[in-house]
Amino acid sequence: MAPGVNVTGIFATILEFLNQGQAAVLVTVVAKQGHVPLDPPARMLVTAAGRVAGTVGGGAIEAHALAEAHEVLADGEPRLREYLLDEDRPGNDAVATGMLCGGKVTLFYERLAPARRAYLFGAGHIGRALAPLLGPLDVVPTLVDCRPEYLAGRPEVCLVAGADYATLPDLPGLEEAVVVVATHSHACDQRVLAQVLGTGARPPYVGLVASTRKWRVMAEELRREMGDAADLGHVRAPAGLRLGGRSPAAIALAIAAELQAALHGVGDHDHLGIDPFAGAG
């Protein structure tokens, strides 16, 4: 093990960031030739804000590693990179760093992402029917309700909102999460959507359990209330694919199918929802 590498510390930091819903890239020294600043398995953890723990050697090699790590954060693709630490030797496929250590180092980059969360607003019949369908899809459900008694005894992670959803609890990882709004009233649905959209996050799936007429009315109200901040184009309402059935279980299945398709970029399905602004001038 490389001197000074605190494995326990860096993995504790990884766990902390994942629990906060933040993705990171772990950069590991996996091979070396000749003289290099640090031996395998020196590690560095990088988030969107920059290096947060560990090191792979400092200087030019670390600057290259930080830049590469941000690319991995963006595209999610793991990769191996060789870096030349001897400016007098041909680099072949290795990246020249201008360093004079006299060796070559290979770094492995891997993106570490938290489990995708689903924030299910409303722990009524549909929320309770939907939650157990999500685990097998690698989506971890969190039930959010303003009525604590509806959350009591539930096996899922549960969060309590303010009275009638006037305020929402912290929602870690919202940008990457699934959002389904199915509260007990039109007004509460609208408050939830206004607050979620008002964060500026754009989750990959936002579904509203509503009739087409209800969504048209609510969309216009949100547009008046929020102005340009009302980014409603990606809200799916009514939520769910057209599978048939009107029971809570059937609606939950339709929503689970729709969000699975959305997360995997699969289109051309018969959706229940429509664009409330289609054809608007």
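A residue is called buried under 20% relative accessible area, exposed over 50%, and partly exposed in between (1.4 Å probe, protein chains only). By this rule Cys-188 is buried, because its relative accessibility is 2%. The model is predicted: local features need pLDDT of at least 70, side-chain atom pairs count only at pLDDT 80 or more, and totals for chains, interfaces and linings use all residues. Residues are numbered from 1 along each chain as its sequence is written, and side-chain values use heavy atoms, with hydrogens and water left out.

The cysteines were examined next. A disulfide is a pair of cysteine sulfur atoms within 2.5 Å. The structure holds 0 disulfides. Cys-188 is in no disulfide. The nearest cysteine sulfur belongs to Cys-146 and is 5.3 Å away. Cys-158 counts as partly exposed, because its relative accessibility is 26%.

Salt bridges were then searched for. A salt bridge is a side-chain nitrogen of Lys or Arg within 4 Å of a carboxyl oxygen of Asp or Glu. Side chains of opposite charge can pair when their charged atoms come close. The whole structure contains 11 salt bridges. One of them joins Arg-81 to Glu-68, with the closest N and O atoms 3.3 Å apart. This pair links distant parts of the chain, 13 residues apart. Arg-81 lies in strand 4 (residues 79-84), and Glu-68 lies in helix 2 (residues 59-75). Helices (H or I, at least four residues) and strands (E, at least two) are DSSP runs, numbered from the N terminus. Arg-81 is partly exposed, with a relative accessible area of 30%. Glu-68 counts as buried, at 12% relative accessibility. Both residues belong to a network of salt bridges that also includes Glu-71, Asp-75 and Arg-79.

Two further salt bridges involve buried residues. Asp-145 and Arg-147 meet through their side chains at 2.9 Å, N to O. Both Asp-145 and Arg-147 are buried. Lys-214 pairs with Asp-189, and here the closest N and O atoms are 2.6 Å apart. Lys-214 is in helix 6 (residues 212-226) and Asp-189 is in helix 5 (residues 186-198), so the bridge ties together parts that are 25 residues apart in sequence. Lys-214 and Asp-189 are both buried.

Helix 5 also holds Ala-194. Ala-194 is buried, with a relative accessible area of 11%. Contact means heavy atoms within 4.5 Å. Leaving aside neighbours within four places in sequence, Ala-194 is in contact with Leu-222, Glu-225 and Met-226. Ala-194 and Leu-222 are 28 residues apart in sequence, yet their C-alpha atoms are 6.8 Å apart in space.

Two strands pair if DSSP finds at least two bridges between them. An open sheet of 6 strands runs in the order 9-8-7-10-11-12, with parallel pairing. Strand 9 (157-160) and strand 12 (235-236) stand at the edges. Each has a single partner strand, so one side of each is left without a neighbour in the sheet. Strand 11 (residues 205-208) pairs with strand 12 in the parallel sense over 2 bridges. Gly-207 stands opposite Arg-236 in strand 12.

On the surface, Leu-133, Leu-243 and Leu-253 form a nonpolar patch. Their accessible area together is about 250 Å², by the Shrake-Rupley method with a 1.4 Å probe, where for residues only the protein chains shown count as cover. Patches are made of residues with over 30% relative accessible area and no salt bridge; like charges are joined within 9 Å, and nonpolar side chains (Val, Leu, Ile, Met, Phe, Trp, Tyr) within 5 Å. Leu-133 lies in helix 3 (residues 125-134). Leu-133 counts as partly exposed, because its relative accessibility is 31%.
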